Amino acid sequence: MEYVIIVIGAVLIKNILLAEYLGCCPFMGTSKKMNTAVGMGLAVIFVLTAATAVTYPIHHYIFTRFGLEYLQTITFILVIAALVQFVEMFLKKAIPALYQSLGIFLPLITTNCAVLGVAILCIRRDYSFVESIVFAFSSAAGFTLALVLLAGIRERLIIADVPKPLQGTAIGLITGGLMALAFFGFSGVDGSLNALMQQ
Amino acid sequence: MSVFKEFTKGLWQELPPFRLVLGLCPVLAVTKSATNGLGMGLAVIFVLTWSNILVSALRKVIPRKVRIASYIVIIATFVVIVEMATQAFFYPVYEALGIFIPLIVVNCVILGRAEAFASKNGVIASALDGLGIGAGFTMSLVVLGGLRELIGAGTLFDVEIMSAAYRSHSFSFMLEAPGAFICLGVLLAIMNAVSAPSSS
């Protein structure tokens, strides 16, 4: 049951894009077309879950044991970069169809702060291994949800009559803000779920 | 004179969050108040300047194929220094910025300058470029943070500006995520409107 709360919390209430401000660059950069948004979203789900699965044991079995926590930032970013490279090579060989659709987005993910951010958040929030994986997957799903929703809106904005200075990123940001406002409607859901559980 | 230009271009022509639309996450996340924006900006100036200097100094040593990985290691080193220093000496700032201090590593502005400028130019020019872009970044953060703090909480740098009546009924949504997105979008539109005639 606590996993359900983590999932709902990460997807709807504390959406990493709209409430935690992680991954805003691809949010603006890859939300102009629907298929780019879907491709980026799938790639993020894939890499985020894998990256958390790798960084969690590194932190808990190597760093805490030998007192090397200060290496966290450097190691995590290198692990993520290496993992992305590896995933790219693996997909190219094993599942060429998936590689075709994810291909160009994979290298971009290394500098997507959502990946490093979620890996560090899992450590800072003292999640267990399973909780970390669930949190990472649902965060990425929330990212994809927000990205695809925004892409759907922006595809229609192209034919709308937007004032010239607002065109492009500016109207994208304002749309994102309105979406974040809409997602505010979900706040409190986790509290009521918790209360329901205790009954 | 040309060296001076490396510094000033970051303040308007290539103002990072607005002109380059890079490094948005910290811009949105830490600008709840002008003070937080300033703290983040100073951290970025430090990391950007030193990583630019080191990348530029090592530009003939680093092999092209592994350059991105090398830049990331250089940047991460300075980020860890900043992280430990703020934790030791400026704990409130460390608490307020939270996860966004380690995330300076993946701020595209810094990697972008290493790749686009420092890897091709001399040490002094790179240092000035880092200082200039960093100063522009800080300026943007302080303006955005100040605006959000003023509208959202009625204060500026924690000094009470607006009347008590305003402060008790302020637009607190400006302090949350929607306010951040909308405020940045409006500022971007204003900048576009101001600079449109000169560019065309």
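Tutor: Gladly! Helices here are DSSP runs of H or I with at least four residues, and strands are runs of E with at least two, numbered from the N terminus. Keep in mind that this is a predicted model. Read along its sequence, chain A gives the pattern α-α-α-α-α-α-α-α-α-α.

Student: How many helices and strands does chain A have?

Tutor: Chain A has ten helices and zero strands.

Student: What makes Ile45(B) buried, partly exposed or exposed?

Tutor: A residue needs 20 or more other C-beta atoms within 10 Å to be buried, and 12 or fewer make it exposed. Ile45(B) has 19, so it is called partly exposed. Ile45(B) lies in helix α4 of chain B. Setting aside neighbours within four places in sequence, it is in contact with Leu131(B), Gly134(B), Ala135(B) and Thr138(B). Leu131(B) is 86 residues away along the chain, yet the two C-alpha atoms are separated by 6.0 Å.

Student: Why is α4(B) called largely enclosed?

Tutor: Of its 24 residues, 17 are buried, so the rest of the structure largely encloses α4(B).

Student: And how do you know what its span should be?

Tutor: The expected span is 1.5 Å times one less than the number of residues. For the 24 residues of α4(B), 34–57, that gives 34 Å, and the end C-alpha atoms are 34 Å apart, so the two agree.

Student: Which residues have the most contacts inside the largest nonpolar core?

Tutor: They are Leu116(A) and Ile75(B), in a core of 108 residues. Helix α8 of chain A, residues 129–157, gives the most to this core, with eleven residues. Apart from neighbours within four places in sequence, the contacts of Ile75(B) are Val47(B), Ser51(B), Val105(B), Ile110(B) and Leu111(B).

Student: What counts as a contact between the chains?

Tutor: Two residues are in contact if their C-beta atoms lie within 7 Å. By that test, 32 residues of chain A are in contact with 33 residues of chain B. On the chain A side, α9(A) gives the most, with ten residues. That side divides into 24 nonpolar, seven polar and one charged.

Definitions and conventions: Residues numbered from 1 in each chain as written. Chains lettered and ligands numbered in written order. Predicted model: local features only at pLDDT ≥ 70, side-chain atom pairs only at ≥ 80, totals over all residues. Nonpolar A, V, L, I, M, F, W, Y, C, P; charged D, E, K, R; others polar. Core = buried A, V, L, I, M, F, W, Y, C linked by C-beta atoms within 7 Å.
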